[in-house]
Amino acid sequence: MSPDGTASRIAWRLATVIDVVLETPRTRTLVLDVPGWPGHRAGQHVDVRLTADDGYQAERSYSIASPPEDTRLSLTVEQLKDGEVSPYLSEALHAGDTLELRGPIGGYFVWDIPTGGPLLLVGGGSGIVPLMAMLRHRDAALASAGAGAREKLPVRLLYSSRRWDEVIYRDELTSLAEKDLTLQVTHTLTREQPEGWAGFRRRIDRAMLEQVAWPASEQPRVFICGPTPLVESVASTLVELGHQPALVKTERFGPTGGAV
Ligand SMILES: Cc1cc2nc3c(=O)[nH]c(=O)nc-3n(C[C@H](O)[C@H](O)[C@H](O)COP(=O)(O)OP(=O)(O)OC[C@H]3O[C@@H](n4cnc5c(N)ncnc54)[C@H](O)[C@@H]3O)c2cc1C
């Protein structure tokens, strides 16, 4: 291994599925045991490699959903109907199965406690995954700190989903926000809303960002993740609103992406 650990990150490892958690009708979390895992930072991803019986291989990237504090690695995979890899990962794998992965990968779209806040997280669909790793990391790292520590790192999450039953980590987000007044979670449901829904019901736009996001004067660390059109429009709108481009970090999940 090289002194910076590069070899251990790029080596393919055999992970064993310990548990499969149903998050939404189209999304599952794979909880993995990865022997020799070197550790990761919130926001990083892994490459997953599948090999067919005839030797054909397919590789895709998946963000790490679990915080660095967890001993097990979690990946949350949304099934794309005609996809090559995601239906296999989200439907065919069960506890005891194995898969190959390498990582952690990425040093740009990452957030740690010392990076500071305030924090503005904007996600669409499965783009919540690396943002959830950041929220879980913040929660775990500050668990034994006083309330003052959370107040120094307040977070606003704006999360766009098509419908209420497609909101990934819905219950966990609700309970995190209920116990922590310094975490504000705002949902927008773009396609269908439950009866009596009083929240946003459109795609994220300038007016929504003006209402929900920290003002630029607060100099928040911004992380935006999801389908390419959402990421590009939110990033450019925030820059128009005066946010410093250097503080706005983006991760694009799909070539054209789903409309969320
Ligand atoms: C850094 C990174 C992290 C990622 N993390 C996650 C994650 O945590 N969870 C997750 O579910 N996915 C994640 N993705 C997306 C993932 O890598 C795959 O692209 C996705 O699972 C589709 O793979 P597939 O083989 O099923 O579809 P493919 O066979 O590659 O594509 C099938 C069809 O879907 C379209 N498509 C491909 N990707 C997307 C997409 N993301 N959204 C909408 N349409 C798409 C293609 O254009 C094609 O028409 C991440 C991508 C990147 C680059």
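How many residues of domain 1 are in contact with how many residues of domain 2? In this predicted model, local features are taken where pLDDT is at least 70 and side-chain atom pairs count only at pLDDT 80 or more, whereas totals for chains, interfaces and linings use all residues. Residues are numbered from 1 along each chain as its sequence is written.

The protein is divided into domain 1 (6-105) and domain 2 (113-252), with bounds that come from an automatic or database domain assignment. Between these domains, 16 residues of domain 1 are in contact with 16 residues of domain 2, where contact requires C-beta atoms, placed from the backbone, to lie within 7 Å. On the side of domain 1 that touches domain 2, β1 (13-24) and β5 each supply at least two residues; strands here are DSSP runs (E, at least two residues), numbered from the N terminus. That side comprises six nonpolar, six polar and four charged residues. The nonpolar class holds Ala, Val, Leu, Ile, Met, Phe, Trp, Tyr, Cys and Pro, the charged class Asp, Glu, Lys and Arg, and the polar class the others, Gly among them. The C-alpha centres of domain 1 and domain 2 are 24 Å apart.

The ligand lies between the two domains, because domain 1 and domain 2 both give residues to the shell around it. Of the 24 residues around the ligand, Gly83, Glu84, Val85, Ser86 and Gly254 come nearest; a residue is near a molecule if its C-beta atom, placed from the backbone, lies within 6 Å of it. Strands β4 (57-63) and β5 (73-78) each supply at least two residues of this shell, and the largest share, four residues, comes from β4. By class, the shell around the ligand contains eight nonpolar, eleven polar and five charged residues.

Notes. Contact = placed C-beta atoms within 7 Å.
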